[in-house]
Amino acid sequence: MSKVNQRSIFLVFALLLIASLIVACGAPAAEAPPAEEVEEPPPAEEEAAEPVSLDFVVWAYGLDVIQDNINNFQTANPNCEINLQNYGWLDYHDTMVGRFAAGDPPPLLYGSDHWLQEWGSAGWLDSISDNFPQVLDYDDELAPYALQGMTYEDEIYGLSYYADTIDFVYNEEQLAEAGFDSPPESWQDVWDMSVALKEQGITDYPLILAFSQEEGASIEAMISMIYGRHQGSGALFDENNNPTFNSEGTAAYEAIEWLREAYEAELFDPASLTTAELDQVASMQAGAHTFTILPQYNMAALNLPDSGDYAGSFMIGLMPGDSHATVGYVRFYAMTPEAENMGPAAMDCAWKFLEYFGGKTDNEYTVVKRWAVENGLGFAQLPLFEDPDVQEAFGQWGDVDVIAAQAELARAKEGLTPWFGTWDVFTRAEIHKAILGQQSTMDTLNNMADYWNELATQ
Amino acid sequence: MTQQQVAAKPKRNWAILSQRIYPYLSILPVAIVIALFAIYPILHAVRMSFYQYILTRPNVHPFVGLGNFVNVITSYYFKESIQVTGIYTAASVVGVIVYGLGVALLMNTKIRLSTPLKLVILLPWALPAVVSGLLWKWILNSDFGILNGILYSVGLIDNYIPFLAIPSLAKASLVMAFIWKEGPLVAIFFLAGLQLIPHELYEAARIDGGTSWKIFRNVTLPLLRPVFLVVIVYETMTAILTFDTIYVMTGGGPANSTALISWFAYAEIFKSLNLGNGVALAIIIAMITLVLIILYLRVLRTEESTVTG
Amino acid sequence: MNPKTKESLNKFFLNLLALILIIFIVGPLIWVAIASIQGEGELLSKPQRIFPENPTLANYNYVFTGKIPTSVEVKGQLVRSRISQEARLIPAALKNSFIVATAVMGINLIFGTLGAYTFSRLRFRGKIVTFNFFLGSRLIPVIAVAIPYYVIIQTMGLLDTYLSLILVYLVITLPFTIWFLTLYFNGIPEDFEDAALIDGCSRFQALVRIVLPMALPGLVAAAAFAFMASYNEFLFAKFLTQSIATQTGPVLIAAIAGNPDASYTLISVAITLGLIPPIILALVLHRWLTEGLSTSITFR
């Protein structure tokens with residue numbers, strides 16, 4: 001029918017018109033490399049009086065403190081203006097990926113060890129040691145796991161915002177009630193104590209973990225249970241990032257088997273499979289469980305007076321297992337190539353900013369120390385353990401000696417590669433299946449290894 | 001048509017012209033906004049689906065034809081998540097329709113509590129999906145959730161139930177949260193439909209000796225057919241594309257038992273950074289939705305066109 | 001059983017059913033409101049008390065004045081450290097949500113009405129294609145277009161502005177508004193306008209003077225849809241907002257709930273406050289809403 005023809009011609013015409021309008025307007029396709037934005041460096045002398053304005057993106061935690069730190073920084077460096085932007089923690093990675101992909105990187109931002117490879121390989125982050133070799137001076141004072149977490153292809157990509165260990169936490173009061181006066185040394189101890197706790201009706205499910213599929217830290221808890229059972233490196237991957245975990249008797253096999261059996265014996269809370277950090281802390285405060293594994297910074301919240309009947313009785317024990325090793329991780333201040341694109345004045349500010357926040361000012365880790373004292377965040381700068389203010393503050397919610405001892409035994413996650421995040425998301429459901437008894441532990445481990453190899457070859 | 005009658009009158013040229021242009025002018029603002037945010041992004045998405053497009057390699061993206069679609073369909077999650085999505089969507093849509101129709105029938109009676117019911121029915125609608133997800137997760141918690149607390153207090157259970165940690169209960173909980181959140185809209189639609197049915201029809205049916213059930217089946221239900229159409233289409237789309245609630249409530253777990261296909265589209269793009277795969281999956285989802293809608297229209301459509309009137 | 005007892009028994013059961021439904025519908029909301037005035041310790045007890053023993057407004061006080069609840073203070077430490085500082089931004093975020101949603105609602109009414117009336121009454125080339133295009137644009141999962149949306153907004157220089165959210169929400173809501181109002185206008189007899197047109201009114205005048213007053217309930221319903229959809233949107237809001245200058249309620253509440261320094265009492269305060277504007281809207285509009293929908297879905 002001619003009517004139909006006319007209609008379709010109109011449609012095609014309209015589409016073409018609009019499409020050409022859009023193209024003409026120059027909406028850059030997502031593939032446009034950010035390198036296009038290279039501008040001529042502004043003449044430094046004339047611009048010196050004008051402050052440079054740098055965007056700094058964080059996840060929304062302690063925004064008042066961050067802004068206050070920025071104000072202090074700006075007072076000390078009137079030529080640098082920092083414009084704070086924030087996204088929620090749970091969405092931070094995804095939102096930043098969207099932003100990088102859209103070609104809109106901020107010059108300064110928060111980064112994390114488990115994204116570094118991904119972001120580094122994409123060219124989204126800029127090496128700090130390449131631009132500012134003086135950053136290497138800090139290496140000696142850093143915990144090795146933190147340094148490793150900020151290193152990609154032998155370059156340093158960050159100055160530490162905070163660094164923490166994944167800790168085994170127990171409720172001292174409940175444990176004493178069950179007749180135990182020291183924390184478990186091995187996973188057999190955890191089992192025996194759990195049985196006692198359950199039989200005496202102190203806790204129905206003595207162990208809870210934050211193993212919800214949405215919980216980004218679940219992989220860290222899992223790896224810490226594996227590290228504690230394993231001596232030295234190679235618990236998951238060898239130096240060439242080939243899986244070493246997929247055979248019977250490995251630490252990974254033992255760890256998952258233990259969880260599966262504990263689930264069956266009703267010692268391990270089934271709700272763990274849907275629990276995220278916030279609920280985990282609340283459940284512990286409610287006294288519903290005796291053991292858990294969590295990032296250390298939660299200790300301050302756990303022992304907050306008035307938070308429940310057990311405030312003050314939550315203690316850190318070294319990770320059970322032969323080696324007592326655990327996972328240490330680091331979140332850091334990073335920069336992107338955008339800073340360099342903005343010219344030397346911006347670069348100058350970027351370095352001053354990074355050093356003010358993650359390094360020393362007047363010979364003191366001012367900002368890092370502030371986070372530790374005020375918010376209970378851990379740190380990678382080992383000399384801070386000697387600081388009396390830090391010792392006093394940490395003493396409010398924990399035993400500084402144990403904290404320092406665990407920090408010494410902490411190791412970075414093995415297998416940090418650009419595809420670690422993808423693999424992590426996959427493994428969460430696989431581990432669930434083993435715990436629920438939907439498939440054997442070996443099947444889970446083999447699936448994890450197969451998927452890893454598939455990702456590695458891509 | 002009226003236009004022709006009007007056009008037949010002698011008028012100045014610009015008046016005729018303005019009459020011709022008016023229709024286009026009146027939809028232009030909408031067309032511009034929608035075109036700006038639909039044509040380019042959708043064309044872009046369709047184009048991307050034929051290229052290998054990994055976000056961490058911004059400058060390398062070879063043409064792979066249908067490769068992404070093959071990747072997605074043969075992926076470890078596809079079959080399972082399609083099943084989960086099918087079960088979830090069917091249960092949610094049937095559930096929300098039964099619930100909505102029930103509430104509407106109650107609101108349409110003259111019982112004392114029908115007015116309070118009318119007042120509160122809209123409230124769940126006012127809650128963002130993210131927030132309602134958070135809220136249900138909290139209520140269903142097995143250590144300090146109020147639902148467990150109440151069940152325990154009245155002696156119905158001896159141990160708190162981890163609703164969201166057992167695959168079958170987790171699915172059921174999500175369906176319940178969906179019904180709670182979407183129910184108001186459905187109920188209001190049905191109520192509106194019920195109020196349009198003339199009383200005389202009921203009277204006539206009653207005089208003919210029909211029982212309540214027969215009247216409901218033979219008079220009420222057929223007359224509600226257009227409402228069913230709107231509701232089923234809308235709720236099917238909503239259920240298939242459910243994202244916020246599940247993201248917050250279960251994160252797809254345990255063991256992927258609540259991971260809908262749309263979650264994997266998100267994960268492909270923002271967790272695995274594989275834009276090509278993610279977009280291909282999104283297109284597959286759009287196609288499935290479209291096919292479903294066409295099927296519904298075939299089955300439910302009244303003889304008259306719903307679009308042009 | 002005599003018919004009268006049977007009827008009253010019937011009524012009793014229907015009332016009971018309605019009561020159960022009412023509890024199901026408002027129960028969760030009442031629970032949040034209660035939790036927002038409860039102490040955290042009480043909230044975590046087993047089993048919980050439904051009615052708080054020591055109700056407190058300390059959390060509200062913190063949100064509005066910044067005065068830290070005594071329960072959070074830690075002796076010998078700086079007090080602000082143990083409480084979500086972001087919670088203080090709730091009023092600002094709700095204000096943002098409200099402004100954006102109201103703007104989207106208003107624009108939807110103006111352009112939605114204009115467009116829908118044309119689709120309902122006029123014949124023109126490309127009508128069905130355009131109409132289906134509008135509706136079809138909503139078919140693709142928004143996730144697939146999130147990055148292109150970001151690129152467009154960034155190119156227009158609109159990141160972190162109300163306008164970016166308003167534009168995107170218009171794209172989401174306008175197709176529905178147009179569809180809905182077109183059906184609605186279809187249900188209004190044309191006779192009155194025909195008379196007006198013959199008297200020399202333009203189409204636009206006919207719309208404004210004759211049709212709009214008759215379509216009021218439908219417009220109210222469309223407005224409510226647009227408002228709620230914008231007020232509740234999360235995915236784009238989290239991508240397009242960068243600071244509290246534009247962050248909306250859902251974005252902020254989600255951010256607070258994802259932090260270790262959040263407490264359930266504080267989250268409850270956020271949710272409770274966020275409920276107020278839409279509840280007022282829902283209560284005010286519910287009459288028109290029912291009426292508005294009735295006319296629309298007759299499918300003439």
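## Helix H2 of chain B against helix H6 of chain C

A crossing of two helices is left-handed if the near helix is turned anticlockwise from the far one by less than a right angle, and right-handed if clockwise. By that rule, H2(B) and H6(C) make a right-handed crossing. Helices here are DSSP runs of H or I with at least four residues, strands are runs of E with at least two, and both are numbered from the N terminus. This is a predicted model, in which local features need pLDDT of at least 70 and side-chain atom pairs count only at pLDDT 80 or more, while totals for chains, interfaces and linings use all residues. Residues are numbered from 1 along each chain as its sequence is written, and chains are lettered from A and ligands numbered from 1 in the order in which they are written.

Helix H2 (residues 13–48) of chain B and helix H6 (residues 142–155) of chain C have axes that come within 9 Å and cross at roughly 125 degrees. Axes are lines fitted to C-alpha atoms, for helices over the stretch in contact, and angles run from 0 to 180 degrees between N-to-C directions. H2(B) is therefore oblique to H6(C); angles under 35 degrees count as roughly parallel, over 145 as roughly antiparallel, 65 to 115 as roughly perpendicular and the rest as oblique. Residues meeting across this crossing include B:Phe37 and B:Tyr40 from H2(B), with C:Pro148 and C:Tyr149 from H6(C). The contact has eleven nonpolar, one polar and no charged residues. In this grouping Ala, Val, Leu, Ile, Met, Phe, Trp, Tyr, Cys and Pro count as nonpolar, Asp, Glu, Lys and Arg as charged, and the others, Gly among them, as polar.

## Where chain C meets its partners

Two residues are in contact if their C-beta atoms, placed from the backbone, lie within 7 Å. Between chains C and B, 77 residues from chain C and 83 residues from chain B take part. Helix H1 (residues 3–35) of chain C gives the largest share of chain C's side, 14 residues. That side has 56 nonpolar, 15 polar and six charged residues.

Chain A also touches chain C, with 46 residues of chain A in contact with 39 residues of chain C. H4(A) gives the most to chain A's side, with seven residues. By class, this side has 25 nonpolar, 13 polar and eight charged residues.

## Inside chain C

Helix H4 (residues 90–121) and helix H10 (residues 216–232) of chain C pack at an angle of about 140 degrees, their axes 8 Å apart. They are therefore oblique to each other, and their crossing is right-handed.

C:Ser36 sits in the loop between H1 and helix H2 (40–43) of chain C. It counts as buried because it has 24 C-beta neighbours inside 10 Å; buried takes 20 or more other C-beta atoms within 10 Å, exposed 12 or fewer, and partly exposed lies in between. Beyond its neighbours within four places in sequence, C:Ser36 has contacts that include C:Asn59 and C:Thr265.

Chain A holds 20 helices and eleven strands, and buried residues make up 54% of its 458 residues.

The largest nonpolar core has 342 residues, and A:Phe353 and B:Ala282 touch the most other members. Such a core is a set of buried Ala, Val, Leu, Ile, Met, Phe, Trp, Tyr and Cys residues joined through C-beta atoms within 7 Å. Leaving aside neighbours within four places in sequence, A:Phe353 is in contact with residues including A:Leu54 and A:Phe73.
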